[in-house]
Amino acid sequence: MHALAPLLAAARAHLGPPPALDALEQAMAAVESEALGPALRARLAGLAPGARWVGDDLLVVPGGRVSLFLIPAGGGIPLHDHPGMDVLLRVVAGRLRLRALDRVDPVAGLARPAGERVLGPEDGVVAGGPVAGNLHAVEALGPCAFVDVLAPDYGPGRPCRYYAEMPAPGGLVRLVERRP
Ligand SMILES: [Fe+2]
């Protein structure tokens, strides 16, 4: 875990409120590309193939949260949102497919597909904001791990919701809340 200590120190200093997003992004970018230590690597390797994901909160402060997610081969995190939040994501082991949607009309539950990328440790930080890339889904392409910075954190009025997608006019999708 020591490889992530500089990130956690930066997060303590910069999560706010308000967050200093540039400083947080720099701290994420500076995480060494293979930041998992042997213990976490062994834990990732030992996850049951049927498990979807496990998450550890590394830091929770009033301005936000830093979490580490471990996903076994075949696992993933269904489409979900980060209402009103900024999200920074960095893969630290393995590879995953990240599919993003932009928030278009939260009241009507409409979103616009914003592409997908295969990401590994060499790809640096992927940022989502309150509108652009605010929803995403993660599919593991083998055992993988990523670090997430949320600013602010989920909380009252900002629940994390999971969604199924229905086609909607204009190339949009209608989001239908579902269980994770
Ligand atoms: Fe997320």
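## Ala 27 and its surroundings

In this predicted model, Ala 27 is part of helix H2, which covers residues 21-29. Is Ala 27 buried or exposed? Ala 27 counts as buried because 24 C-beta neighbours lie inside 10 Å, and the cut-off for a buried residue is 20 or more.

Leaving aside residues up to four places away in sequence, Ala 27 touches Pro 6, Leu 7, Ala 10 and Ala 11. Glu 177 lies 150 residues from Ala 27 in sequence, and the distance between their C-alpha atoms is 34 Å.

## Strands E1 and E2

Strand E1 takes in residues 54-61, and strand E2 takes in residues 64-71. The two strands run antiparallel and are joined by 7 bridges. A hairpin of 2 residues leads from E1 to E2. Across this pairing, Gly 55 stands opposite Phe 69 in E2.

On strands in general, side chains alternate between the two faces of the sheet when the strand is regular.

## The whole chain

The chain contains 3 helices and 11 strands. Along the sequence, their pattern is α-α-α-β-β-β-β-β-β-β-β-β-β-β. The radius of gyration of the chain is 16 Å, close to the 16 Å given by the globule rule for 180 residues, so the chain is as compact as a globular protein of that length.

Along the principal axes, the C-alpha atoms fill a box of roughly 50 × 40 × 25 Å. Of the 180 residues, 36% count as buried; Ala 27 is one of the buried residues. Among contacts between residues at least 6 apart in sequence, 73% join residues at least 24 apart.

Terms used: Residues numbered from 1 in each chain as written. Predicted model: local features only at pLDDT ≥ 70, side-chain atom pairs only at ≥ 80, totals over all residues. Pairing = 2+ DSSP bridges. Helix = DSSP H or I, 4+ residues; strand = E, 2+ residues; numbered from the N terminus. Buried ≥ 20, exposed ≤ 12 C-beta atoms within 10 Å, placed from the backbone. Contact = placed C-beta atoms within 7 Å. Rg over C-alpha atoms; globule rule 2.2 N^0.38 Å.
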